[in-house]
Amino acid sequence: MSSAILKRLPLQMFWPTFDPFLFCAFHKDRYPKATAEMEPAASLQGRPLGQDFHGIDGWRMYHGRKVPGFPVHPHRGFETVTIVNQGFVDHADSIGAAGRYGQGDTQWMTAGSGVQHSEMFPLLDEENENPLELFQVWLNLPAKNKMVPPHFGMLWNEDTPIVKHQDANGAETSVKIIAGELGSVTALDCPPDSWAADKNNDVAIWLIDVPETGLWTMPKAQSGLNRTLYFFEGGSAVIDGVEVSVNEAFVLKSDEALSIQNTGKKARFLLLQGKPIGEHVEQHGPFVMNTRQELQKAFHDYQRTQFGGWPWPRNDQVHDKTKGRFAHHADKLDERPA
């Protein structure tokens, strides 16, 4: 085995992650045509609504009962980074923020001291299928930032940097930089209290597309990082001299460069990298703290305050179908992609 590859792991529904990352889920659904209410124009009979994760006919309702997605639920003590390659997500939260994002956008939300939010997948096309592809990554917060005020930011696709590299044969690899830096290219700003906000922590979230026959070398980073490469689409490749297949994760040495030679159809990878926070983690569902007592307090606070309550008319809040991509912040500032 290559000296740069420390471990190989299979990719299942929830991908293996390492400090400072807590969780990574990959959602890929081929939703049918939509109704005027942004629901699937297909029968829902026979689906375990409220807990539909089976992929019947190639798509899932997840916890949604009419519109697919994740109705209102709480978080405390960490961040969600939601990268939507195809389709759309409608966001609403307990601090009054809202948004619709997709088609390459990323939402980066710091739950901090506590927030409720819903993440629904509105189906907008009534004539054609509505494919959805997204990652949700949970990034931990250090103890000193567990109770910061909630915050969310939008990284619009049009503004997110992409680095392109041609190999000796002219095959062009593209690397989308959601967090971190590659050469002289730096990602858009993440929320201010994130572990990724300190460049010394060398947090990187990259989407890497290697074309057929393409060759690309991932540069080395500092030593002591947790660095994991996920091969989620394609066929086969040779990574640092090792033959590998799609649906595998590779735990890497962070201070060695790594060559990726694609030997099959277009190959797509996700990189998660960062300096470990190195603190004890106590987690129960949507709450991630450092001690059992803090976890119990999180439950108590949520029961007492509902983290600000729910100001929206629906638990599975979706926005007007014609609204387009937007972000409405709690301070009343609205933004749209350029």
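Predicted model: local features only at pLDDT ≥ 70, side-chain atom pairs only at ≥ 80, totals over all residues.
Which residue in S20 is the bridge partner of arginine 8? In S20, that partner is phenylalanine 250. Keep the structure open and find each residue as you read.

**The seven-stranded sheet**

- Let us start with the sheet that holds S20: seven strands form an open sheet, in the order S1-S20-S17-S22-S15-S12-S11, with antiparallel pairing.
- At the edges stand S1 and strand S11 (162–166); each has a single partner strand, so one side of each is left without a neighbour in the sheet.
- On average, neighbouring strands of this sheet are turned by 20 degrees against each other, direction ignored.

**Strand S20 and its two partners**

- Strand S20 covers residues 248–252, and five of its five residues are buried, so the strand is largely enclosed by the rest of the structure.
- Glu248, Phe250 and Leu252 point one way from S20, while Ala249 and Val251 point the other way, and all are buried.
- With S1, strand S20 pairs in the antiparallel sense over five bridges.
- Along this pairing you can find leucine 9 standing opposite alanine 249 in S20, and arginine 8 has phenylalanine 250 as its bridge partner.
- With strand S17 (residues 226–233), S20 also pairs in the antiparallel sense, over five bridges.
- Here, arginine 227 stands opposite leucine 252 in S20.

**The four-stranded sheet**

- Now move to another open sheet, in which four strands follow the order S16-S21-S18-S19 and the pairing is antiparallel.
- Its edge strands are strand S16 (215–218) and strand S19 (242–245), each of which pairs on one side only.
- From one strand to the next, the twist averages 25 degrees.
- Strand S18 (residues 236–239) and strand S21 (residues 258–262) run antiparallel and are joined by three bridges.
- Isoleucine 239 stands opposite isoleucine 260 in S21.

**The S18–S19 hairpin**

- S18 pairs with S19 in the antiparallel sense over four bridges.
- Together S18 and S19 form a hairpin with two residues between them.
- In the turn of this hairpin, aspartate 240 has a positive phi of about 50 degrees.
- Across the pair, valine 238 stands opposite glutamate 243 in S19.

**A buried lysine**

- Look for lysine 146 in the loop between strand S9 (130–140) and strand S10 (151–155).
- Lysine 146 is buried yet has no salt bridge.
- How far away is the nearest side chain of opposite charge? That side chain belongs to glutamate 279, and it is 6.2 Å away; a salt bridge would need a side-chain nitrogen within 4 Å of a carboxyl oxygen.
- The side chain of lysine 146 does make a polar contact with the side chain of asparagine 140, at 2.7 Å.
- Leaving aside residues up to four places away in sequence, lysine 146 touches several others, including Gly77, Gly112, Ser113 and Val288.

**Backbone details in the loops**

- As background, most residues other than glycine have a negative phi, and most peptide bonds are trans.
- Aspartate 19 and proline 20 are joined by a cis peptide bond, with omega of about 15 degrees.
- Proline 20 lies in the loop between strand S1 (5–10) and strand S2 (21–31).
- Tyrosine 62 is not a glycine, yet its phi is positive, near 55 degrees.
- You will find tyrosine 62 in the loop between S2 and strand S3 (69–75), and it counts as buried because its relative accessibility is 1%.
- Threonine 213 has a positive phi too, of about 70 degrees, although it is not a glycine.
- Threonine 213 is found in the loop between S15 and S16, and it is exposed, with a relative accessible area of 53%.

**An exposed proline**

- Proline 192 has its place in the loop between strand S14 (185–186) and strand S15 (204–210).
- Is proline 192 buried or exposed? It counts as exposed because its relative accessibility is 57%.
- Not counting residues up to four places away in sequence, proline 192 touches His151 and Ala197.
- From C-alpha to C-alpha, proline 192 and glycine 285 are 25 Å apart in space, and they are 93 residues apart in sequence.

Key. Residues numbered from 1 in each chain as written. Heavy atoms only, no water. Pairing = 2+ DSSP bridges. Axes fitted to C-alpha atoms, helices over the stretch in contact; angles between N-to-C directions. Buried < 20%, exposed > 50% of the residue type's maximum accessible area, 1.4 Å probe, protein only. Lys, Arg positive; Asp, Glu negative; His and termini not counted. Polar contact = N/O pair within 3.5 Å; in protein donor to acceptor, adjacent residues only side chain to side chain. Contact = heavy atoms within 4.5 Å.
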